[in-house]
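Please examine the structure shown below before reading on.

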Amino acid sequence: MSILSLHNVSLRYDPDGEPVLEDVTLDLARGDFISVIGRSGSGKTSLLNLAAGFLPPSSGRVLINSRPVTGPGPDRAVVFQDDALYPWQTVVENVALPLKLAGVAPAERLQTARRLLDSVGLGEHGQRRIWQLSGGQRQRIGIARALAARPEFLLMDEPLGALDAMTREMMHGLILKLWNDSRAGTLLITHSVEEALFLSTRVVVLAPFPGRIVLNEPFDFGRRFLSGENPRVLKSDPAFIAARERLVTAIHDEETV
Amino acid sequence: MADTTLQLEARRPADAVVAPGLSWGRFIGVATILGLLLLWALASALAWTSPVFLPSPARVWDALVRAATIGYANATLVEHMAASLWRVGAALGCTLAVGVPVGLLIATSRIGRGILDPLVEFIRPLPPLAYLPLIIIWCGIGEPSKVLVISIAMLAPIVISTVSGVRAAGESQIRAARSFGATRGQLLREVMLPAALPSIFTGLRIALGAGWTTLVAAELVAATRGLGYMIQSAAQFLVTDMVIAGILMISALATVSEFFLRWIERRFLPWIGKQ
Ligand SMILES: Nc1ncnc2c1ncn2[C@@H]1O[C@H](COP(=O)(O)OP(=O)(O)OP(=O)(O)O)[C@@H](O)[C@H]1O
Ligand SMILES: [Mg+2]
């Protein structure tokens, strides 16, 4: 069982400046769904970049199964806020790219990519171009692409940030289903408290200046949704509302400091 | 289904805005050319200047027909055009083969940048007529010298456009490929090069312009074929109609190559300008 862990990690972009992240410790195991929430500038993207291996920590350690991370790798797929898709490729080629990079034969990788496109509801759009699709469709392609190489971890930086409320709700169900099928340890960065609560097995609140964890709590609303409970009923459950208030307070408390 | 409707709605307005602008622009373009032709015909018909300075359109047409049928300066018009086209085409091939890799190196490697960037900056402002004699001393007066002179003139635009094209690749597009385990070579092939292609094509246009400009200079020396040679032969005997005919043919070739490039862009690089 793989574990991606951050051990007492601190990060400074400027060696003499204030730390952007300070003493962050977090474990992401297979089957986990951790949401990170916090104000703008609290270091959420920096945290994800550390986990992805795009940045080295200034102090502390980033480990996978106790081995230090030295750079990005196909075991940790990233979904970017700006979809980061390639307009010179068709939709299905985009999704198949991680497999192409891994040396999988064309027929096989296209077949896998088509199956993934089906699973995100874009089966008929394989031959289209990226710019012919809507924002929500693009994010679904980004997620399908990230899952193509069967990563152990899925790191998502506000993948739904640019979407309207209705599309977001549809995406929530989809993300939970894909997570449940793949069991990839998922780190989701989000601005939405409801989204974090509804999707995650664990929610982490990051407070800014310096970025540090001020709340780290497990939840099971996503699992209850997967086992068939109605999302509307779930979201009006007193437990859900109380948890939402707790999270909002944790974020808000820091705002007044 | 909802997806398809959204799609259609999103595209139609964009097309509608572009189309009338284009045809209006084209109309003005055609009108300008016709107007100039008329002015030219008028000027020679009313004998504003001597025909040695400005022969009539009809005489230029005669010169064209003459060159095309019985030939002028040791070869027919088609042979002259083929020679010039071959030189520019060969130079373009050489420049692309050298310039794109050089641009990729400058954009992606600090050492490559340190070595190659000053060289390109050195070559960039040089006028072809300045280094033409040197090239003749080094490489003789044969065909390779001519192709080389044109290639050097084309090099800088190709290199510079490749460099800026690679820089235009989005940071997250590059990070995405790296997170999927791309090697350096894969990153170059799958992301940086395709991202640079639109810019490289712009550079190619500029390079072709420089190529046609340099062609005449290259054909100054010991050429026996080529539009530049034809023009210079005609100029020595003040055969002005043939000079103008040659100029028009160079312009025609340049225009055709420009349209060819546009066609390639539309056909093979449909993502240009979309993102
Ligand atoms: N490349 C960088 N160089 C220097 N400082 C940076 C860099 N990236 C981020 N920062 C700083 O680090 C802090 C945290 O940035 P980060 O992007 O991680 O925040 P975030 O929580 O993702 O914010 P948002 O919600 O707006 O995306 C900010 O103060 C930002 O100015
Ligand atoms: Mg961010």
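The shell around ligand 1 consists of 2 nonpolar, 7 polar and 3 charged residues; here Ala, Val, Leu, Ile, Met, Phe, Trp, Tyr, Cys and Pro count as nonpolar, Asp, Glu, Lys and Arg as charged, and the others, Gly among them, as polar. This is a predicted model, in which local features need pLDDT of at least 70 and side-chain atom pairs count only at pLDDT 80 or more, while totals for chains, interfaces and linings use all residues. Residues are numbered from 1 along each chain as its sequence is written, chains are lettered from A and ligands numbered from 1 in the order in which they are written, and side-chain values use heavy atoms, with hydrogens and water left out.

Which residues are around ligand 1? Among them are A:Tyr13, A:Val20, A:Lys44, A:Glu158 and A:His191, where being near requires a heavy atom of the residue within 4 Å of the ligand. Some of these residues make polar contacts, that is, pairs of N or O atoms within 3.5 Å. A polar side-chain atom of A:Ser46 is 2.5 Å from an oxygen atom of ligand 1, and an N or O atom in the side chain of A:Ser40 is 2.6 Å from an oxygen atom of the ligand. For A:Tyr13, a polar side-chain atom lies 3.4 Å from a nitrogen atom of ligand 1. On its own, ligand 1 has 630 Å² of accessible area, of which the protein covers 58%; such areas come from the Shrake-Rupley method with a 1.4 Å probe.

The strands come next. Strands of a sheet pair through backbone hydrogen bonds, either parallel or antiparallel. Strands are DSSP runs of E with at least two residues, and helices are runs of H or I with at least four, numbered from the N terminus; two strands pair if DSSP finds at least two bridges between them. One open sheet in chain A has 6 strands in the order E6-E7-E8-E3-E9-E10, with mixed pairing. Its edge strands, E6 (76-79) and E10 (212-218) of chain A, each pair on one side only. E6(A) and strand E7 (residues 153-157) of chain A run parallel and are joined by 4 bridges, and A:Ala77 stands opposite A:Leu154 in E7(A).

An open sheet of 4 strands in chain A has the order E2-E1-E4-E5, with antiparallel pairing. Strand E1 (residues 3-11) of chain A pairs with E2(A) over 6 bridges, and A:Leu11 stands opposite A:Leu21 in E2(A).

Definitions and conventions: A polar contact is a pair of N or O atoms within 3.5 Å; within protein, one must be able to donate a hydrogen and the other to accept it, and residues adjacent in sequence count only if both atoms are side-chain atoms.
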